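Try each task before you read its solution.

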Amino acid sequence: MSGDTYLVTGAMGCLGAWVIRLLLEDGCEVVAFDISEDDRRHQLIIGSEDRRQIRYVKGDLTDSDQVMSAVEGVSRIIHLGALQVPFCRADRPMGAAVNVVGTVNIFEAALRHSIEHLVYASSVAVFGNAEDYEVSTIEPGERRLPTTLYGIWKCANESTARIYEADYGLPSVGLIPHTIYGPGRDQGLTSQPTSAVLAAVRERAFHIEYGGSLALQFAPDAARDFIQSSRLEPQGSEVHGLGGTVASIAEFVEGIKQVTDFTEITHGEDRLPFPEAVDSASLETRLGALSYTPLLESIDRSVQWFEEANLTGLPLPE
Ligand SMILES: NC(=O)c1ccc[n+]([C@@H]2O[C@H](COP(=O)([O-])OP(=O)(O)OC[C@H]3O[C@@H](n4cnc5c(N)ncnc54)[C@H](O)[C@@H]3O)[C@@H](O)[C@H]2O)c1
């Protein structure tokens, strides 16, 4: 909605860049909060004219004062800042500080500033292995059985949201991404499908280390659903699955081949330690409709995006 001022944390990340692009298209003001000043994803995703509209704030989620002052004057918050699985593994105390304390700092600042429109990213990593559940697409309220510290800390985020609502009346919406893909997705356990698309564009062989089926969520679609969720009439502490396409890695690789004619993309067989998908029906009910680009079309759009970036010299990951 035009006229709103958003705080986006994790602003320099993949989802952050897409959320900001779409918010600017909507005519919103954006405060982009991130510890990193690396703007390669912004260059890739947001036009240079639009980037000038962004108020960049370099800040650390673990610093409650910095978070508190970043929330000053904003009307809605989309909290995406986090360390992903490999970074949490590399520095566990830092992972806990950013993902747990950083999220508490956001909720605390939202409470003090009476922000009723707060959306945050949970993760499919709150769940256990696919074999731990009886069905392949599980309900968002299913038992949490995380197998990683990252997953445990995302559970802590959901519980934090529940208590801030129950004890202090602060509503929020938690969304559960599974595998985000598309331009800008270049780090984290589930970034390999996107790396494979980029490799095909460059005609370089690439091996995706895992297989199985997963919910593939095109970054612009996921970003739009985060934004729409931030405009809902508050209703307690909600947690929903995101939409997307449930497909096997084999189908995704086949899609890359179909779009690019490049055949040297391969994949492993091991499944990721998560269920295939989280049901998004409750989010669809709340939003009316989910943003959705069919798989082949989204691969095609990603290929075109990367080709254009190559031609115009925009920064792409190695
Ligand atoms: N990408 C996925 O498939 C996926 C899946 C499940 C959950 N998620 C969650 O969605 C959110 C966004 O994912 P993404 O793919 O955009 O992640 P990303 O890794 O691309 O971006 C995360 C951003 O957080 C920032 N950050 C890290 N520590 C910070 C700190 N101390 N202070 C401020 N900023 C800090 C990083 O600099 C980075 O720009 C994250 O919370 C992630 O855990 C993503």
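**Exercise 1.** How do the residues of the shell around the ligand divide into nonpolar, polar and charged?

*Solution.* First, some ground rules. The model is predicted, so local features need pLDDT of at least 70, side-chain atom pairs count only at pLDDT 80 or more, and totals for chains, interfaces and linings use all residues. Residues are numbered from 1 along each chain as its sequence is written.

Next, sort the shell: 13 residues are nonpolar, 14 polar and two charged. Here Ala, Val, Leu, Ile, Met, Phe, Trp, Tyr, Cys and Pro count as nonpolar, Asp, Glu, Lys and Arg as charged, and the others, Gly among them, as polar.

**Exercise 2.** Find which helix gives the largest share of that shell, then check the span of this helix.

*Solution.* Helix 1 supplies the largest share, three residues. (Helices are DSSP runs of H or I with at least four residues, strands are E runs of at least two, and both are numbered from the N terminus.) Now the span: the expected value is 1.5 Å times one less than the number of residues. Helix 1 (residues 14-25) has 12 residues and should span 16 Å; its end C-alpha atoms are 17 Å apart, so the two agree.

**Exercise 3.** Is S114 buried or exposed?

*Solution.* Start with the cut-offs: 20 or more other C-beta atoms within 10 Å means buried, 12 or fewer exposed, and in between partly exposed, with C-beta atoms placed from the backbone. S114 has 8 such atoms, so S114 is exposed. S114 sits in the loop between helix 6 and strand 5, and its phi is near 50 degrees, a positive value in a residue other than glycine.
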